[in-house]
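Please look over the sequence and the model shown here before reading the briefing. The points that follow are grouped by topic and are meant to be read beside the structure.

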Amino acid sequence: MFSSVSVLTFTRRANLGHHRQALPARRRIWLAGAVGLLCQTGLWLGLASPALGQATPPAKPALVAAAANMQQVLTELVPLFEREQTGKVSINIGSSANLVRQIQQGLPAELFLSADEDFAFRLADAGLTPDRGVVYATGRIVLLVPRGSPLVLDAQLEGLKRGLASIDKFAIANPELAPYGRAAVQALQKQGLWSALKPKLVLGESIAQTTQYVSTGAAQAGVTALSLVLAPEVAARVRYVLLPESLHAPVRQRMVLLKNASPAARAFYDFLQSPAARAVLSRYGYS
């Protein structure tokens, strides 16, 4: 850029009448200043460009709190969703009651898949959800025994009645924590077996733990969710019989979005109501 001396010299020449030379000089001064400004701007852009070019970090997976009876079916549903959507989900499995308590205590779940309606309604009544959600499945219960058990299985539980003497431990989910445990109690009461089996009960904290008690032989029999015994690794170790829906109240499974739900959580909520998801749920015994 021109020095102050050059500018002053140019001014004196202009005053002496060299007007034709003054205009090009002014242009030279302007151009020099413009070039300097562009160089400074270019340097700034060069320094700033690495930050501007940094990739946006991937979105955090949406946290989904799901009842234990959904454990197996979600191993299919989550990959199916993530293949079709850009969002990701992370699953936290537990009993419906424990999950509700954890959410109320601050668990940052964005979607709750309850094993029944009551627990979903608790969150809605506490003002933690935008609405009361939807029923996404209706579950069924089964009587199951280890594969080598001599007990005769039938839908009316007559074989169980005859084999009571051979049972030391009978597994159900804790009815205070898990809706499938409540359905088990209702079925046993209706068939006149509750009083005889109550002293022999082994209570699972969740329906998944209940299933494990029987599949490993820790209990001689039990009642669990149909969806869990349809998993190949469980089916290979147990025998089961589907119990009539007339023996217990419907197990209507309801899901609700939480108020902090991200777009990924909302997308998974919609996906679970899609024909593709319904087909998978049907294969696991849900209606």
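L157 counts as buried because its relative accessibility is 2%, where buried means under 20% relative accessible area, exposed means over 50% and partly exposed lies in between, with a 1.4 Å probe and protein chains only. The model is a predicted one, in which local features need pLDDT of at least 70 and side-chain atom pairs count only at pLDDT 80 or more, while totals for chains, interfaces and linings use all residues. Residues are numbered from 1 along each chain as its sequence is written, and side-chain values use heavy atoms, with hydrogens and water left out.

- L157 is found in the loop between β5 and α6 (158–162), where helices (H or I, at least four residues) and strands (E, at least two) are DSSP runs numbered from the N terminus.
- Although L157 is not a glycine, it has a positive phi of about 65°.
- S206 is placed in the loop between β7 (201–204) and α9 (207–215), and it counts as buried at 14% relative accessibility.
- Leaving aside neighbours within four places in sequence, S206 is in contact with A68, S95 and A173, contact meaning heavy atoms within 4.5 Å.

**The five-stranded sheet**

- Five strands form an open sheet in the order β7-β6-β8-β5-β9, with mixed pairing; two strands are said to pair if DSSP finds at least two bridges between them.
- β7 and β9 (238–242) stand at the edges with a single partner strand each, so one side of each is left without a neighbour in the sheet.
- From one strand to the next the twist averages 30°, with axes taken as lines fitted to C-alpha atoms, for helices over the stretch in contact, and angles running from 0 to 180 degrees between N-to-C directions.
- Strand β6 (residues 170–173) runs parallel to strand β8 (residues 221–225) and is joined to it by two bridges, and the bridge partner of F170 in β8 is A221.
- β5 and β8 pair in the antiparallel sense over four bridges, and V142 stands opposite T224 in β8.
- Five of the five residues of β8 are buried, so this strand is largely enclosed by the rest of the structure.

**Helices lying across the sheet**

- Helix α7 (residues 179–190) lies across β5 (141–146), β6 and β8, and runs at about 130° to β6.
- α9 lies across β5, β6, β7, β8 and β9, and its direction is at about 145° to β8.

**Strand β10 and its partners**

- Six of the seven residues of strand β10 (residues 251–257) are buried, so β10 is largely enclosed by the rest of the structure.
- Strand β3 (residues 111–113) pairs with β10 in the antiparallel sense over three bridges, and L113 has M255 as its bridge partner in β10.
- Strand β4 (residues 134–139) also runs antiparallel to β10 and is joined to it by five bridges, with R254 in β10 as the bridge partner of V135.

**Packing of α3 against α12**

- α3 and helix α12 (residues 263–271) pack at an angle of about 115°, and their axes are 11 Å apart.
- In this contact, L74, L77, V78, L80, F81 and E84 of α3 meet A264, A267, F268 and F271 of α12.
- By class, the contact of α3 with α12 has nine nonpolar, no polar and one charged residues, with Ala, Val, Leu, Ile, Met, Phe, Trp, Tyr, Cys and Pro counted as nonpolar, Asp, Glu, Lys and Arg as charged, and the others, Gly among them, as polar.
- F81 lies in helix α3 (residues 71–84) and counts as buried at 0% relative accessibility.
- Neighbours within four places in sequence aside, F81 is in contact with G87, V89, A264, A267, F268 and F271.
- The C-alpha atoms of F81 and A277 are separated by 8.6 Å, although these residues are 196 residues apart along the chain.

**Nonpolar cores**

- The largest nonpolar core has 63 residues, and those with the most contacts inside it are M70, L77, L113, F170 and F268; such a core is a set of buried Ala, Val, Leu, Ile, Met, Phe, Trp, Tyr and Cys residues joined through side-chain atoms within 4.5 Å.
- F268 touches V64, L74, L77, V78, F81, V89 and L111, not counting residues up to four places away in sequence.
- A second, separate core of 13 residues includes A65, A97, F119 and L258.
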